[in-house]
Amino acid sequence: MAKLAKTANDDGLTRRLDKIAADAKPVETADIAAVVDAVMQTLSGDVSAGEFHLYHEIEEIADYIQSAKREIAAIRPDEIREHYIPSATDELDAIVDATAEATGTILDSAEALEQLAGELPAEMAEKLRTLSTRIFEACNFQDVTGQRITKVVRALKHIEHKVDAVLAAFGEGHGQKPEKPEKPVEETPADADDESKLLNGPQLAENANNQDDIDALFASLK
Amino acid sequence: MAVDMNMNVLIVDDYKTMLRIIRNLLKQLGFENVDEATDGGSALMKLRDRNYGLVISDWNMEPMTGLQLLKEVRADNKLKAVPFVMITAESKTENVVAAKAAGVTNYIVKPFNAATLKQKLTAIFGDF
(Lines give C-alpha, C1' and ligand atoms only; values in the text may rest on other atoms or scores of the structure.)
Protein backbone atom coordinates (compact mmCIF):
# COMPACT_ATOMS: atom_id res chain seq x y z
CA MET A 1 0.00 0.00 0.00
CA ALA A 2 1.25 3.51 -0.80
CA LYS A 3 2.47 5.44 2.19
CA LEU A 4 0.30 8.44 3.06
CA ALA A 5 1.91 11.81 3.47
CA LYS A 6 1.99 12.96 7.09
CA THR A 7 0.26 16.27 7.62
CA ALA A 8 -0.75 18.46 10.53
CA ASN A 9 -4.16 16.80 10.40
CA ASP A 10 -2.69 13.41 11.46
CA ASP A 11 -2.67 14.24 15.16
CA GLY A 12 -6.30 15.40 15.05
CA LEU A 13 -7.28 12.22 13.22
CA THR A 14 -5.48 10.06 15.75
CA ARG A 15 -7.24 11.83 18.61
CA ARG A 16 -10.57 11.31 16.89
CA LEU A 17 -9.98 7.59 16.35
CA ASP A 18 -8.82 7.23 19.96
CA LYS A 19 -11.98 8.93 21.18
CA ILE A 20 -14.18 6.57 19.16
CA ALA A 21 -12.31 3.56 20.54
CA ALA A 22 -12.48 4.94 24.10
CA ASP A 23 -16.25 5.43 23.87
CA ALA A 24 -16.60 1.64 23.47
CA LYS A 25 -19.87 2.08 21.63
CA PRO A 26 -20.88 0.77 18.23
CA VAL A 27 -19.31 2.96 15.60
CA GLU A 28 -21.90 5.08 13.87
CA THR A 29 -21.81 5.36 10.11
CA ALA A 30 -21.56 9.13 10.44
CA ASP A 31 -18.38 8.69 12.48
CA ILE A 32 -16.89 6.43 9.85
CA ALA A 33 -17.76 8.98 7.15
CA ALA A 34 -16.13 11.72 9.23
CA VAL A 35 -12.99 9.60 9.58
CA VAL A 36 -12.95 9.01 5.83
CA ASP A 37 -13.26 12.73 5.24
CA ALA A 38 -10.44 13.37 7.65
CA VAL A 39 -8.33 10.74 5.88
CA MET A 40 -9.00 12.43 2.57
CA GLN A 41 -8.02 15.79 4.02
CA THR A 42 -4.66 14.36 5.01
CA LEU A 43 -3.97 13.51 1.42
CA SER A 44 -2.01 16.36 -0.03
CA GLY A 45 -1.37 16.56 -3.69
CA ASP A 46 -2.09 13.64 -5.96
CA VAL A 47 -3.98 10.58 -4.67
CA SER A 48 -2.19 7.39 -5.52
CA ALA A 49 -3.97 4.27 -6.76
CA GLY A 50 -3.34 2.54 -3.39
CA GLU A 51 -4.76 5.45 -1.45
CA PHE A 52 -7.80 5.56 -3.66
CA HIS A 53 -8.31 1.83 -3.12
CA LEU A 54 -8.15 2.34 0.68
CA TYR A 55 -10.77 5.06 0.49
CA HIS A 56 -13.00 2.85 -1.61
CA GLU A 57 -12.66 -0.03 0.87
CA ILE A 58 -13.66 2.20 3.80
CA GLU A 59 -16.59 3.54 1.83
CA GLU A 60 -17.77 -0.02 1.14
CA ILE A 61 -17.55 -0.88 4.83
CA ALA A 62 -19.69 2.15 5.69
CA ASP A 63 -22.27 1.12 3.05
CA TYR A 64 -22.27 -2.42 4.40
CA ILE A 65 -22.96 -1.22 7.95
CA GLN A 66 -25.77 1.04 6.75
CA SER A 67 -27.29 -1.84 4.82
CA ALA A 68 -27.04 -4.19 7.82
CA LYS A 69 -28.77 -1.60 10.02
CA ARG A 70 -31.61 -1.25 7.53
CA GLU A 71 -32.06 -5.02 7.31
CA ILE A 72 -32.10 -5.44 11.07
CA ALA A 73 -34.58 -2.60 11.42
CA ALA A 74 -36.80 -4.35 8.83
CA ILE A 75 -36.79 -7.54 10.92
CA ARG A 76 -38.18 -5.48 13.82
CA PRO A 77 -36.17 -7.09 16.63
CA ASP A 78 -38.06 -4.90 19.09
CA GLU A 79 -41.26 -6.75 18.12
CA ILE A 80 -39.55 -10.11 18.59
CA ARG A 81 -38.44 -9.05 22.05
CA GLU A 82 -41.59 -7.27 23.18
CA HIS A 83 -44.33 -9.27 21.52
CA TYR A 84 -43.44 -12.65 20.03
CA ILE A 85 -41.20 -14.05 22.77
CA PRO A 86 -43.44 -13.01 25.70
CA SER A 87 -46.46 -14.31 23.79
CA ALA A 88 -44.75 -17.67 23.16
CA THR A 89 -43.75 -18.06 26.82
CA ASP A 90 -47.30 -17.16 27.94
CA GLU A 91 -48.72 -19.81 25.61
CA LEU A 92 -46.29 -22.41 26.94
CA ASP A 93 -47.17 -21.50 30.53
CA ALA A 94 -50.83 -21.94 29.62
CA ILE A 95 -50.04 -25.42 28.26
CA VAL A 96 -48.38 -26.38 31.56
CA ASP A 97 -51.37 -25.07 33.53
CA ALA A 98 -53.89 -26.83 31.31
CA THR A 99 -52.09 -30.18 31.43
CA ALA A 100 -51.70 -29.88 35.21
CA GLU A 101 -55.42 -29.28 35.56
CA ALA A 102 -56.31 -32.14 33.23
CA THR A 103 -53.89 -34.47 35.00
CA GLY A 104 -55.48 -33.52 38.32
CA THR A 105 -58.88 -34.50 36.97
CA ILE A 106 -57.52 -37.80 35.65
CA LEU A 107 -55.93 -38.54 39.03
CA ASP A 108 -59.23 -37.72 40.78
CA SER A 109 -60.88 -40.39 38.65
CA ALA A 110 -58.09 -42.93 39.25
CA GLU A 111 -58.33 -42.40 43.00
CA ALA A 112 -62.11 -42.83 42.81
CA LEU A 113 -61.56 -46.13 40.97
CA GLU A 114 -59.22 -47.21 43.77
CA GLN A 115 -61.91 -46.50 46.33
CA LEU A 116 -64.47 -48.31 44.27
CA ALA A 117 -62.19 -51.33 44.09
CA GLY A 118 -62.51 -51.73 47.86
CA GLU A 119 -66.22 -52.36 47.47
CA LEU A 120 -65.90 -55.01 44.76
CA PRO A 121 -65.13 -58.75 44.79
CA ALA A 122 -61.39 -59.51 44.96
CA GLU A 123 -60.93 -60.47 41.32
CA MET A 124 -62.76 -57.43 40.01
CA ALA A 125 -60.98 -55.19 42.53
CA GLU A 126 -57.60 -56.44 41.33
CA LYS A 127 -58.45 -55.64 37.72
CA LEU A 128 -59.59 -52.19 38.72
CA ARG A 129 -56.39 -51.57 40.70
CA THR A 130 -54.27 -52.65 37.74
CA LEU A 131 -56.07 -50.10 35.59
CA SER A 132 -55.68 -47.33 38.13
CA THR A 133 -51.96 -48.16 38.43
CA ARG A 134 -51.62 -47.69 34.67
CA ILE A 135 -53.37 -44.34 34.94
CA PHE A 136 -51.01 -43.22 37.74
CA GLU A 137 -48.01 -44.31 35.67
CA ALA A 138 -49.28 -42.54 32.56
CA CYS A 139 -49.73 -39.29 34.48
CA ASN A 140 -45.95 -39.14 34.85
CA PHE A 141 -46.09 -37.33 31.53
CA GLN A 142 -47.22 -34.08 33.16
CA ASP A 143 -44.00 -33.70 35.14
CA VAL A 144 -41.74 -34.63 32.24
CA THR A 145 -43.54 -32.44 29.68
CA GLY A 146 -43.61 -29.60 32.20
CA GLN A 147 -39.85 -29.83 32.56
CA ARG A 148 -39.41 -29.98 28.78
CA ILE A 149 -41.51 -26.85 28.36
CA THR A 150 -39.45 -25.12 31.04
CA LYS A 151 -36.37 -25.90 28.94
CA VAL A 152 -38.04 -24.35 25.88
CA VAL A 153 -38.96 -21.21 27.86
CA ARG A 154 -35.34 -20.96 29.01
CA ALA A 155 -34.19 -21.23 25.37
CA LEU A 156 -36.61 -18.45 24.38
CA LYS A 157 -35.23 -16.23 27.13
CA HIS A 158 -31.76 -16.92 25.75
CA ILE A 159 -32.91 -15.82 22.29
CA GLU A 160 -34.47 -12.72 23.85
CA HIS A 161 -31.12 -11.89 25.40
CA LYS A 162 -29.37 -12.29 22.04
CA VAL A 163 -31.94 -9.99 20.40
CA ASP A 164 -31.22 -7.45 23.14
CA ALA A 165 -27.54 -7.71 22.30
CA VAL A 166 -28.23 -7.07 18.61
CA LEU A 167 -30.35 -4.05 19.50
CA ALA A 168 -27.65 -2.71 21.78
CA ALA A 169 -24.95 -3.25 19.13
CA PHE A 170 -26.84 -1.26 16.50
CA GLY A 171 -27.84 1.50 18.84
CA GLU A 172 -30.98 3.58 19.21
CA GLY A 173 -33.62 3.78 16.51
CA HIS A 174 -33.73 0.06 15.83
CA GLY A 175 -35.92 -0.98 18.71
CA GLN A 176 -35.82 -0.36 22.41
CA LYS A 177 -32.74 -1.25 24.32
CA PRO A 178 -33.36 -3.22 27.49
CA GLU A 179 -33.41 -0.85 30.46
CA LYS A 180 -31.50 -3.32 32.56
CA PRO A 181 -30.03 -6.19 30.53
CA GLU A 182 -30.61 -9.56 32.13
CA LYS A 183 -27.75 -11.93 32.59
CA PRO A 184 -27.57 -14.46 29.80
CA VAL A 185 -28.90 -17.88 30.72
CA GLU A 186 -25.56 -19.61 30.33
CA GLU A 187 -23.94 -17.17 32.71
CA THR A 188 -26.13 -18.12 35.68
CA PRO A 189 -23.63 -18.59 38.47
CA ALA A 190 -23.14 -22.13 39.67
CA ASP A 191 -23.16 -22.94 43.35
CA ALA A 192 -20.08 -24.08 45.20
CA ASP A 193 -20.45 -27.62 43.89
CA ASP A 194 -21.29 -26.36 40.39
CA GLU A 195 -24.48 -28.39 40.52
CA SER A 196 -26.09 -26.22 37.83
CA LYS A 197 -24.30 -28.35 35.23
CA LEU A 198 -26.27 -31.33 36.51
CA LEU A 199 -29.66 -29.67 36.10
CA ASN A 200 -30.48 -30.44 32.49
CA GLY A 201 -34.02 -31.77 32.71
CA PRO A 202 -35.36 -34.58 30.53
CA GLN A 203 -33.19 -35.67 27.60
CA LEU A 204 -34.49 -36.65 24.19
CA ALA A 205 -35.07 -40.40 24.02
CA GLU A 206 -32.12 -41.03 21.69
CA ASN A 207 -29.74 -39.27 24.10
CA ALA A 208 -31.19 -40.44 27.40
CA ASN A 209 -30.12 -43.30 29.64
CA ASN A 210 -33.10 -45.56 30.30
CA GLN A 211 -33.74 -47.31 33.61
CA ASP A 212 -31.76 -50.38 32.55
CA ASP A 213 -28.75 -48.21 31.59
CA ILE A 214 -28.97 -46.41 34.91
CA ASP A 215 -29.28 -49.65 36.88
CA ALA A 216 -26.19 -51.02 35.16
CA LEU A 217 -24.25 -47.81 35.76
CA PHE A 218 -25.42 -47.62 39.38
CA ALA A 219 -24.33 -51.22 39.99
CA SER A 220 -20.91 -50.51 38.51
CA LEU A 221 -20.22 -47.62 40.88
CA LYS A 222 -18.66 -48.28 44.26
CA MET B 1 -36.75 -59.32 58.16
CA ALA B 2 -40.30 -58.11 57.53
CA VAL B 3 -40.72 -54.63 56.12
CA ASP B 4 -42.41 -52.20 58.46
CA MET B 5 -45.25 -51.03 56.26
CA ASN B 6 -46.21 -48.48 58.90
CA MET B 7 -42.93 -46.61 58.60
CA ASN B 8 -43.14 -42.92 57.75
CA VAL B 9 -42.18 -42.23 54.16
CA LEU B 10 -41.31 -38.71 53.00
CA ILE B 11 -41.82 -37.88 49.33
CA VAL B 12 -40.31 -34.67 47.97
CA ASP B 13 -41.22 -33.09 44.62
CA ASP B 14 -42.11 -29.59 43.44
CA TYR B 15 -44.78 -30.99 41.09
CA LYS B 16 -47.93 -31.69 43.09
CA THR B 17 -49.00 -34.16 40.42
CA MET B 18 -45.89 -36.25 41.05
CA LEU B 19 -46.47 -36.22 44.80
CA ARG B 20 -49.95 -37.53 44.16
CA ILE B 21 -48.74 -40.24 41.78
CA ILE B 22 -45.98 -41.47 44.09
CA ARG B 23 -48.31 -41.36 47.11
CA ASN B 24 -50.89 -43.48 45.26
CA LEU B 25 -48.31 -45.98 44.03
CA LEU B 26 -46.86 -46.31 47.54
CA LYS B 27 -50.36 -46.82 48.88
CA GLN B 28 -50.91 -49.61 46.37
CA LEU B 29 -47.68 -51.20 47.61
CA GLY B 30 -48.99 -51.01 51.17
CA PHE B 31 -47.26 -47.89 52.55
CA GLU B 32 -49.93 -45.85 54.29
CA ASN B 33 -47.94 -43.25 56.23
CA VAL B 34 -46.76 -41.00 53.45
CA ASP B 35 -45.81 -37.40 54.09
CA GLU B 36 -44.98 -34.74 51.48
CA ALA B 37 -42.64 -31.78 50.94
CA THR B 38 -42.28 -29.56 47.87
CA ASP B 39 -38.60 -28.64 48.18
CA GLY B 40 -35.41 -29.78 49.84
CA GLY B 41 -35.50 -27.19 52.61
CA SER B 42 -38.95 -28.06 53.91
CA ALA B 43 -38.13 -31.77 53.53
CA LEU B 44 -35.06 -31.35 55.73
CA MET B 45 -37.13 -29.62 58.41
CA LYS B 46 -39.63 -32.50 58.39
CA LEU B 47 -36.84 -35.08 58.52
CA ARG B 48 -35.37 -33.40 61.60
CA ASP B 49 -38.76 -33.15 63.23
CA ARG B 50 -40.01 -36.72 62.81
CA ASN B 51 -38.67 -40.24 62.19
CA TYR B 52 -38.82 -41.41 58.60
CA GLY B 53 -37.91 -44.83 57.29
CA LEU B 54 -37.55 -43.76 53.66
CA VAL B 55 -37.08 -40.61 51.58
CA ILE B 56 -38.10 -40.49 47.93
CA SER B 57 -37.02 -37.24 46.33
CA ASP B 58 -36.98 -35.41 43.03
CA TRP B 59 -33.70 -33.73 42.04
CA ASN B 60 -34.60 -30.53 40.18
CA MET B 61 -36.20 -28.31 42.84
CA GLU B 62 -35.63 -24.80 44.17
CA PRO B 63 -34.20 -23.40 46.30
CA MET B 64 -32.69 -26.61 47.71
CA THR B 65 -32.27 -29.39 45.17
CA GLY B 66 -32.66 -33.10 45.79
CA LEU B 67 -28.90 -33.57 45.61
CA GLN B 68 -28.33 -30.87 48.23
CA LEU B 69 -31.01 -32.50 50.41
CA LEU B 70 -29.26 -35.85 50.01
CA LYS B 71 -25.92 -34.32 51.06
CA GLU B 72 -27.57 -32.70 54.11
CA VAL B 73 -29.17 -35.99 55.07
CA ARG B 74 -25.93 -37.92 54.74
CA ALA B 75 -24.07 -35.27 56.75
CA ASP B 76 -26.54 -35.46 59.62
CA ASN B 77 -25.71 -38.17 62.17
CA LYS B 78 -29.36 -38.75 63.01
CA LEU B 79 -30.47 -39.02 59.39
CA LYS B 80 -27.53 -40.49 57.53
CA ALA B 81 -28.80 -44.07 57.61
CA VAL B 82 -32.23 -43.26 56.13
CA PRO B 83 -32.65 -44.89 52.70
CA PHE B 84 -32.83 -42.18 50.04
CA VAL B 85 -34.24 -42.87 46.57
CA MET B 86 -33.90 -40.26 43.84
CA ILE B 87 -36.74 -40.16 41.30
CA THR B 88 -35.78 -37.70 38.59
CA ALA B 89 -35.88 -36.81 34.91
CA GLU B 90 -32.12 -36.17 35.10
CA SER B 91 -30.83 -39.22 33.29
CA LYS B 92 -27.28 -38.24 32.39
CA THR B 93 -24.43 -40.45 33.49
CA GLU B 94 -22.83 -37.63 35.47
CA ASN B 95 -26.05 -37.24 37.47
CA VAL B 96 -26.06 -40.89 38.49
CA VAL B 97 -22.37 -40.68 39.37
CA ALA B 98 -22.89 -37.53 41.47
CA ALA B 99 -25.91 -38.98 43.27
CA LYS B 100 -24.08 -42.21 44.02
CA ALA B 101 -21.07 -40.29 45.31
CA ALA B 102 -23.38 -38.31 47.59
CA GLY B 103 -24.78 -41.54 49.02
CA VAL B 104 -28.06 -42.14 47.21
CA THR B 105 -29.56 -45.56 47.92
CA ASN B 106 -31.21 -46.02 44.55
CA TYR B 107 -31.99 -44.04 41.40
CA ILE B 108 -35.18 -44.06 39.35
CA VAL B 109 -35.55 -42.13 36.10
CA LYS B 110 -38.83 -40.45 35.17
CA PRO B 111 -41.16 -41.44 33.67
CA PHE B 112 -41.21 -44.57 35.81
CA ASN B 113 -43.69 -47.33 36.50
CA ALA B 114 -45.01 -49.08 39.59
CA ALA B 115 -42.91 -52.19 38.93
CA THR B 116 -39.67 -50.16 38.97
CA LEU B 117 -40.65 -48.46 42.21
CA LYS B 118 -41.43 -51.80 43.83
CA GLN B 119 -38.19 -53.33 42.52
CA LYS B 120 -36.09 -50.54 44.04
CA LEU B 121 -37.88 -50.66 47.37
CA THR B 122 -37.50 -54.44 47.45
CA ALA B 123 -33.77 -54.00 46.84
CA ILE B 124 -33.65 -51.78 49.93
CA PHE B 125 -36.05 -53.50 52.32
CA GLY B 126 -36.34 -57.04 50.96
CA ASP B 127 -39.53 -58.68 49.72
CA PHE B 128 -42.84 -57.25 50.86
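**A strand and its surroundings**

Mentor: Happy to! Let's begin with one pairing: in β4(B), I56(B) has V85(B) as its bridge partner. Please keep in mind that this is a predicted model.

As a general background, nonpolar side chains in soluble globular proteins tend to be buried together.

Now turn to the neighbours of the strand. With strand β4 of chain B (residues 84-88), β3(B) runs parallel, and three bridges join the two. To get from β3(B) to β4(B), the chain passes through helix α3 of chain B, residues 66-75, in a β-α-β crossover that is right-handed. On the way, in the loop between β3 and α3 of chain B, you will find P63(B).

β1(B) pairs in turn with strand β2 of chain B, residues 34-37, in the parallel sense and over four bridges. In that pairing, V12(B) has A37(B) of β2(B) as its bridge partner. Together β1(B), α1(B) and β2(B) form a right-handed β-α-β unit.

In the largest nonpolar core, which has 44 residues, L10(B) and A99(B) are the residues with the most contacts inside it. The largest share of this core, six residues, is supplied by α1(B). If you select A99(B) and leave out residues up to four places away in sequence, you will see that it touches L67(B), L70(B), M86(B), V104(B) and Y107(B).

Let's zoom out to the whole of chain B. The chain has five helices and five strands, and along the sequence they follow the pattern β-α-β-α-β-α-β-α-β-α. Its C-alpha atoms fill a box of roughly 30 × 30 × 25 Å along the principal axes. A compact globule with 128 residues would have a radius of gyration near 14 Å, so the 13 Å of chain B agrees with that. Of those 128 residues, 46% count as buried. Among contacts between residues at least 6 apart in sequence, 62% join residues at least 24 apart.

P111(B) is in the loop between β5 and α5 of chain B, and a cis peptide bond joins it to K110(B), with omega about -5°.

The contact takes 30 residues from chain B and 32 residues from chain A. On the chain B side, α1 (16-29), α4 (93-102), β5 (106-109) and α5 (114-125) each supply at least two residues. By class, that side of chain B has 14 nonpolar, 10 polar and six charged residues. Notice that α1(B) has now come up in the core, in the β-α-β unit and in the contact with chain A.

How values were computed:
Residues are numbered from 1 along each chain as its sequence is written. Chains are lettered from A and ligands numbered from 1 in the order in which they are written. This is a predicted model: local features need pLDDT of at least 70, side-chain atom pairs count only at pLDDT 80 or more; totals for chains, interfaces and linings use all residues. Two residues are in contact if their C-beta atoms, placed from the backbone, lie within 7 Å. Ala, Val, Leu, Ile, Met, Phe, Trp, Tyr, Cys and Pro count as nonpolar, Asp, Glu, Lys and Arg as charged, and the others, Gly among them, as polar. A nonpolar core is a set of buried Ala, Val, Leu, Ile, Met, Phe, Trp, Tyr and Cys residues joined through C-beta atoms within 7 Å. A residue is buried if 20 or more other C-beta atoms lie within 10 Å of its own, exposed if 12 or fewer, and partly exposed in between; C-beta atoms are placed from the backbone. The radius of gyration is taken over C-alpha atoms; the globule rule is 2.2 Å times the number of residues to the power 0.38. Two strands pair if DSSP finds at least two bridges between them. A crossover is right-handed if, with the strands pointing away from the viewer, the path from the first strand over the helix to the second runs clockwise.
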